[in-house]
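Q: Could you walk me through reading a pocket and a buried side chain?

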Amino acid sequence: MNQAKSPFLAIILLFIGIRAQSQTARITGKVWNAGTNTPVPGASVVLEGTKGGVSTDVEGQFFLPAEKGRFYSLTVSGVGLVTRRLDSVVVNENGTSLNILVSTNSESLQQVVVSTSVRRASVASLYAIQKNSSAISDGISADVIRRSPDKNTGDVLKRVSGASVQENKFVVIRGMNERYNVALLNNAPLPSTEADKKAFAFNILPSSLVDQLVIYKAATPDLPGDFSGGAVKVQTKDFPAQPISELSVSVGVNSKTTGKNFYKGQPNGKYDWLGYLDNSRLIPGPYYRQRGADFINNSDAYKRAVTKLFPNTFGFETARQSLPAVSVQYTGGNTRLLSNGRKLGAIFSLGYGAGRAVSDRERDEYDINRAFQVGYSTVNYEDKNNLSGLLSLAYSFGRSKIAWKTIYNNEFVKTLAPRKGINRINDPNFFYTQSLNNEVSQNGIVHSVVEGAHKPGKNWNIEWMGAVGYTYRNQPDQKILAFRSADNVDADYSVSLSNENSPAIRTAGRVYSFLGEWIYDGGFSVSRTFKWGEQPQKWQIGSLNAYRDRSVQVSALGYANLGSGTVAIPMSKDISFGTLFTPDNIDKYNLTVANIFANSTDYDANSLLNAGYALMENRLSSKLKATWGARVERYHQKLTARNKVPIDIANTDVLPSLLLTYSLSSRTNLRLSGSRAVNRPEFRELASYAVYDYDNDVSVTGNPLLVRSKNTNADLRYEFFPQAGEILSGSLFYKYFTDPIELTNHGNGNFQPENADHAYVYGAEIEVRKKLDFVGSDWLSHLTVYTNAAYIKGGVQFNGQDLKSPMQGQSPYLINAGLLYLPEGESWSANVLYNRIGQRLLTRAVAGGANIFEASRDALDVQVSKKLLKDKLELKLTLSDLLAQPYRWYYKFDPTATHTAYDPAKDAIIRSFTFGTTATIGLRYHFK
């Protein structure tokens with residue numbers, strides 16, 4: 001069978017030879033147009049002294065086999081191009097990757113040849129691509145990622161200026177709330193990995209698959225219109241430059257968890273270890289069929305009988321002491337070169353992780369006069385596992401490319417949280433409490449996109465994509481049970497159950513929650529380059545259409561007394577958390593489960609986004625470039641809930657943007673940008689039901705009256721590029737928001753999102769990424785220092801009152817700093833990362849509440865990696881959160897205070913929790 005004519009056989013053979021030793025490797029790279037900063041397809045790339053050559057594909061890429069250790073001269077030529085020759089191209093053990101910048105030749109028939117060394121050409125190309133970008137952005141390339149010890153994209157983001165990563169997966173840009181950011185994988189918007197907020201967990205993407213990561217800080221018409229903080233775009237590899245076959249194993253120990261006692265709740269599902277639910281936590285069928293208002297109309301005998309069907313799994317048990325956390329990941333890939341310049345690329349990754357986390361948590365409450373009310377101490381025991389996968393297939397032929405990319409992530413967490421505390425609200429008649437929360441959550445996402453790129457003519461480009469995704473969050477059978485003591489006595493505990501008209505989750509509750517959402521996306525863009533006044537120009541038009549379809553079921557139940565009054569059930573040797581709701585006790589105390597209407601819901605929601613844009617890139621002179629245009633977005637959002645008024649919102653927004661770039665010199669730019677953007681309410685924020693948050697002892701209620709926020713952004717940026725991969729820049733920015741959405745605190749244990757009147761944010765940002773090779777020391781020449789610092793101010797008008805406090809979720813300052821030691825050709829590297837985010841307003845005080853802030857904290861991480869066995873084995877040691885400072889929330893009682901940092905004389909800590917320090921040893925073996 002002819003391999004060149006059999007794509008099926010090519011796929012089968014794609015991974016054959018990954019482990020095989022060979023005397024050949026590949027010279028790969030990309031050819032760029034110096035004038036338009038775009039890839040050059042169809043250019044001829046030839047290695048002198050070898051037979052034939054190749055043409056670059058639709059993305060300007062080329063692959064050439066060559067002998068390891070040999071020096072070559074490489075020539076790039078084409079009609080209308082200045083021929084570029086690179087001397088002394090050496091083929092390394094792992095292949096050689098190049099970026100080559102070529103110029104157009106106005107005298108296309110005249111032969112012009114420019115010769116240079118390979119190192120100077122590649123460095124100059126990377127520098128020019130970075131400088132000529134038509135965006136206010138910061139990024140990191142595959143070359144830097146490849147040589148760094150980063151394991152996933154969350155780690156990579158820590159190196160990008162202006163970004164801060166929380167929980168090792170969520171990105172914060174310029175200190176703004178995550179709701180103001182968007183994430184894109186290649187050209188497709190990524191759905192949120194969180195059910196109740198707009199955020200994407202970047203730790204699910206392996207760093208070895210990332211080709212480029214860019215954070216856009218100013219809008220352009222081709223980017224989604226619903227961001228004003230930043231847009232994070234991750235470009236994954238389509239065609240691996242060299243065969244990939246690597247196995248990663250990591251083992252982590254935590255100072256508060258590993259080797260310590262552990263407790264787990266009930267039940268133990270058959271598939272918990274893998275991260276999937278079985279039927280053991282489902283709501284019993286007889287109740288499910290009558291959930292809502294119907295069940296209460298049955299006879300008492302029937303209600304007791306159905307209540308007995310609910311498994312008595314409120315208890316917990318001792319587990320063995322915690323072992324270190326373990327994760328395993330395999331990544332494979334290859335590019336098969338076919339005849340006639342065609343190629344087939346495939347990449348896949350599969351990972352599994354399991355571990356535990358123990359955290360000590362303190363929760364206090366005060367009234368508006370700073371009088372102590374409630375104090376709780378909780379220990380959270382979390383059992384976690386994660387399963388993730390990625391598959392990418394790409395086929396390049398002629399001047400076209402088609403790719404299919406799919407990501408999958410499933411996260412499973414079992415939580416047990418025993419709590420003890422004291423309630424002094426009615427002091428001196430205070431009481432003690434003991435309570436327990438037992439829950440499991442399964443969160444997941446699967447997202448698949450098919451995309452294409454075509455070059456039908458010399459100056460035309462066409463790109464398109466279609467995507468489908470599904471996200472889910474299942475929390476079946478969360479169980480909460482609370483006993484309280486007699487007044488003033490830490491003994492004689494009992495639980496008091498009201499009648500079935502007023503059950504309470506906080507006292508004795510079970511909550512069954514299921515969420516699923518389908519996302520469909522489709523879009524295209526068409527662009528053409530041309531010349532006007534001897535300067536390169538470009539126009540582009542495009543469209544994005546996205547449909548979301550969500551279904552939610554929440555059944556919140558409370559145990560109640562079938563009588564008319566309240567029944568008190570004493571804790572004893574026979575009655576405790578695990579033995580209270582036995583069939584005998586249900587009969588003895590005449591108990592039933594009853595629906596809690598404020599916390600239950602069934603709702604369906606959908607939204608349709610139709611967006612179109614037009615963009616122009618005009619080079620007005622050799623120094624001045626304008627990127628401008630407008631994006632029009634039509635957004636229609638619907639939500640229908642049981643026994644609630646339907647919500648139907650439709651808006652059309654015109655979002656213009658303008659970016660002027662002036663080249664002060666060959667290494668320096670001055671950029672000025674202005675744009676409009678929107679921020680829309682999430683489905684959960686519109687749905688008017690309450691979710692009880694046991695961890696914080698509050699309820700969060702939706703608000704069907706929310707409207708979208710509109711905002712105006714302005715940026716002024718000076719940037720200096722000393723050399724490739726380096727930048728020194730300073731920025732000024734201003735943002736004005738109309739109707740910003742903020743989470744408010746009503747002072748009654750209830751949080752709710754509301755629209756403020758308007759808000760403004762302004763600030764300054766400096767960025768530095770610089771090698772210390774100018775010092776003169778040999779080892780310092782391999783040291784890169786990078787830092788980003790932002791200072792942010794602002795104000796909000798809420799209900800007609802001008803407040804000097806920042807927007808909800810905004811920090812007044814942000815500091816990221818790091819040192820990276822990455823010697824070329826050496827077998828080891830080291831990295832130190834420091835992060836500090838200033839205090840952030842978590843909830844805004846209204847109607848007698850107090851502003852709640854999250855205190856600033858310092859985070860310090862250290863990574864050291866060493867390559868062994870001729871670079872086949874990489875050993876990495878990571879120390880995360882070395883300082884292990886507590887996360888703290890505090891009340892700022894004075895709503896007019898302009899000094900928002902924690903002041904122990906005026907403020908009160910209401911929440912504190914610690915996770916400890918984690919040390920991880922990682923092994924990554926490259927099969928060759």
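A: Helices (H or I, at least four residues) and strands (E, at least two) are DSSP runs, numbered from the N terminus. This is a predicted model, where local features need pLDDT of at least 70, side-chain atom pairs count only at pLDDT 80 or more, and totals for chains, interfaces and linings use all residues. Residues are numbered from 1 along each chain as its sequence is written, and side-chain values use heavy atoms, with hydrogens and water left out.

Q: Which strand gives the largest share of the lining of the second largest pocket?

A: Rolling a probe the size of a water molecule over the atoms shows where empty space is left. A pocket, on a 1 Å grid over the protein atoms alone, is an open set of points where a 1.4 Å probe fits, with protein on both sides within 12 Å along at least five of seven lines; lining residues have an atom within 4 Å of a point. Here β24 gives the largest share, four residues. Among the other elements supplying at least two are β20 (343-366) and α7 (505-508).

Q: Which residues are closest to the centre of that pocket?

A: Val374, Tyr376, Asn423, Arg506 and Asp697, out of 42 lining residues.

Q: Is Arg510 buried or exposed?

A: Buried means under 20% relative accessible area, exposed over 50%, partly exposed in between (1.4 Å probe, protein chains only). Arg510, in strand β26 (residues 509-532), has a relative accessible area of 1%, so it counts as buried. The backbone oxygen of Pro311 sits 2.8 Å from a polar atom of the Arg510 side chain.

Methods:
Polar contact = N/O pair within 3.5 Å; in protein donor to acceptor, adjacent residues only side chain to side chain.
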